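Subject: Structure handover

Hi,

Here is the structure I promised, with my notes on it below. Please load it before you read on.

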Amino acid sequence: MKIIVDNRFSENSALHIPNDYMTYGGINRGIVLEHLKKAYIEYLHVEVGKAGKNGWKVLLTTKINGISDSAERYTLRLQADPLFTDEIAIDLEANESRIVQKEIYLENVSEWTPENPVLYKVRAILSDTEPMDDLIERFGFREIKVSGKYILLNGRPIRIKGFNRHEDHPLFGCAMPLQAIEQDIQIAMDLGANAIRTSHYPNDELFLDLCDEQGILVWEESHARGLKEYHMQNPYFQKQSEDCIREMVMNHKNHPCIFVWGILNECASETLYGRDCYTKQYRQLKELDRTRPRTSASNKHKKDICLDIPEIVSFNLYPEWYSDQNETAVDCIQDMMQWIRNNPVTRNKPFIVSEIGAGALYGYHTRTKDKWSEEYQCIALEHQLRAVLESAECCGVFIWQLTDVRISRERFENRPRTMNNKGIVDEYRRPKMSYEIVKDIFISYDDYFETNL
């Protein structure tokens, strides 16, 4: 067996362009080689939803692929101790695939919450005269819904306090081992965060496993950042986008930590061609997973013509960093909030500030608090976070970003150190002065809004 990996930029790879993060080459995640018999389990999906005060409806969907040249009878055993056990007889014709669904009603189970992230295991076992394949998945009893300007977790309006995070490390590149991923999550939790956004691509499943266990909410995003209309007109764009979205959702939808799916960060959402692309990808997300809301991080703001499609509106805002220095963070946030609540398309949707922040070079200090100093980052972040979190019209914020990361010099050669330096810690995870500022602000705001819905 031979695996060939080509990571060069080319027109044949529509999503892979020089960008504000480093896209490393080679195989950077684990590979498993399996020996298959006459049939195997492709996936086992667990979809949960509240049913009454104490009840939960559980839909189990299992795909079985037969690879035998003859018709065969199998038994599928579904088991989640101590919740339920069931056996289903399956007849497959030669080389036939079949999707098997089973709906179960359960009561008095423990909910998955950030405070108490209880996980359950379900196992599917495929047998003829003896077991030939099995698959174990973890899931949690939790429900995500949108109600007006709030995002509800198990019926409670959650306040998002999060970070954007790249898979990047000076020692490991993007092939981060479990311990390094865990360190990032622990840093975010120490800072008072309850959420992480996987900017701008699906993450290693190890990361999602840890977030399930630690109770960290995740905005997972398909691969696309900063694509102009001409990028999206690449003949490979739609097919490769669809493949990425399908693989992301089908592989990760059991993770209770994921509360929203994201697509097309800062792409051409202000154009008619771009709107057609957004529409198709949002539709695909809804077809693949009806249980989670959808969103896109937009930098087109008031010019965005796609805001009517997703359930959540998300803007990337950088007041007191990229914007006019005479515009304060308060002025910027209040202006956006007012526009969103006055716009009939967005007024009844949750709003997230999906990116906000300021750069600082680790160890660079100035008494005059100039840009790129750690002192200025403290000032800008305090203004930004207070402006967002004080507003009852905003349901959350993701700071750009958790750590400093490498970038593509082909497109962002003007970034100091050839890095995006907006991390609250540097690439070696050393805290900057802003660490304590962010921590004090995050922990001063409750994880839930006090409101009667």
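Leu264 sits in the loop between β14 and α5. This is a predicted model, so treat the backbone angles below as computed values. Phi of Leu264 is near 50 degrees, which is positive although the residue is not glycine. Most residues other than glycine have a negative phi, and most peptide bonds are trans. Leu264 has 0% relative accessibility, so it counts as buried.

Thr418 is another residue with positive phi, near 55 degrees, and again not a glycine. Its place is the loop between β20 (405-406) and β21 (419-420). Thr418 counts as partly exposed because its relative accessibility is 27%.

Cis peptide bonds

Two bonds to look at here. The bond from Asp81 to Pro82 is cis, with omega near 0 degrees. Pro82 belongs to the loop between β3 (72-80) and β4 (84-92). The bond from Ser199 to His200 is also cis, and its omega is near -5 degrees. His200 is in the loop between β12 (195-197) and α2 (205-214).

Strand β14 and its neighbours

Is strand β14 enclosed or open? Of its 5 residues (258-262), 5 are buried, so the rest of the structure largely encloses this strand. Strand β13 (residues 217-221) pairs with β14 in the parallel sense, over 4 bridges. Trp219 stands opposite Val260 of β14. Strand β15 (residues 294-295) also runs parallel to β14, joined by 2 bridges. Gly262 has Thr295 of β15 as its bridge partner. From β14 the chain passes through helix α5 (residues 272-288) to reach β15, and this β-α-β crossover is right-handed.

Helix α6

Helix α6 covers residues 329-342, 14 residues in total. From first C-alpha to last it reaches 20 Å, close to the 20 Å expected at 1.5 Å a residue. The buried residues in α6 are Ala329, Cys332, Ile333, Met336, Met337, Ile340 and Arg341. They cover an arc of only 150 degrees around the axis, so they lie on the same side of α6. An α-helix has 3.6 residues a turn, so residues three or four places apart point the same way. Gln334, Gln338 and Asn342 are exposed on the other side of α6. What do the buried residues of α6 pack against? Their partners are β17 (313-316), β18 (351-356) and α7 (374-389).

Salt bridges

How many salt bridges does a search of the whole structure find? The search gives 36. Side chains of opposite charge can pair when their charged atoms come close. Three pairs are described below.

Start with Glu213 and Arg138. They form a salt bridge with the closest N and O atoms 3.0 Å apart. This pair links distant parts of the chain, with Glu213 in helix α2 and Arg138 in strand β7 (residues 131-139), 75 residues apart. Glu213 has 38% relative accessibility, so it counts as partly exposed. Arg138 is partly exposed too, with a relative accessible area of 25%.

Next, Arg275 and Asp308. Their side chains meet in a salt bridge, 2.8 Å from N to O. Here too distant parts of the chain are linked: Arg275 is in helix α5, and Asp308 is in the loop between β16 (297-298) and β17, 33 residues apart. Arg275 counts as partly exposed at 25% relative accessibility. Asp308 is partly exposed, with a relative accessible area of 37%.

Last, Arg417 and Glu427. The side chains meet in a salt bridge, 2.9 Å from N to O. Arg417 is in the loop between β20 and β21, and Glu427 is in the loop between β21 and α8 (434-443), so the pair ties together parts 10 residues apart in sequence. Arg417 counts as partly exposed, at 42% relative accessibility. Glu427 has a relative accessible area of 9%, and it is buried because the cut-off for that is under 20%. Salt bridges with shared partners join Asp404, Arg417, Glu427 and Lys432 into one network.

Best wishes

How values were computed
Residues numbered from 1 in each chain as written. Predicted model: local features only at pLDDT ≥ 70, side-chain atom pairs only at ≥ 80, totals over all residues. Heavy atoms only, no water. Buried < 20%, exposed > 50% of the residue type's maximum accessible area, 1.4 Å probe, protein only. Pairing = 2+ DSSP bridges. Right-handed = clockwise from strand over helix to strand, strands pointing away. Expected span 1.5 Å × (residues − 1). Arc of directions from axis to C-beta. Contact = heavy atoms within 4.5 Å. Salt bridge = Lys/Arg side-chain N within 4 Å of Asp/Glu carboxyl O.
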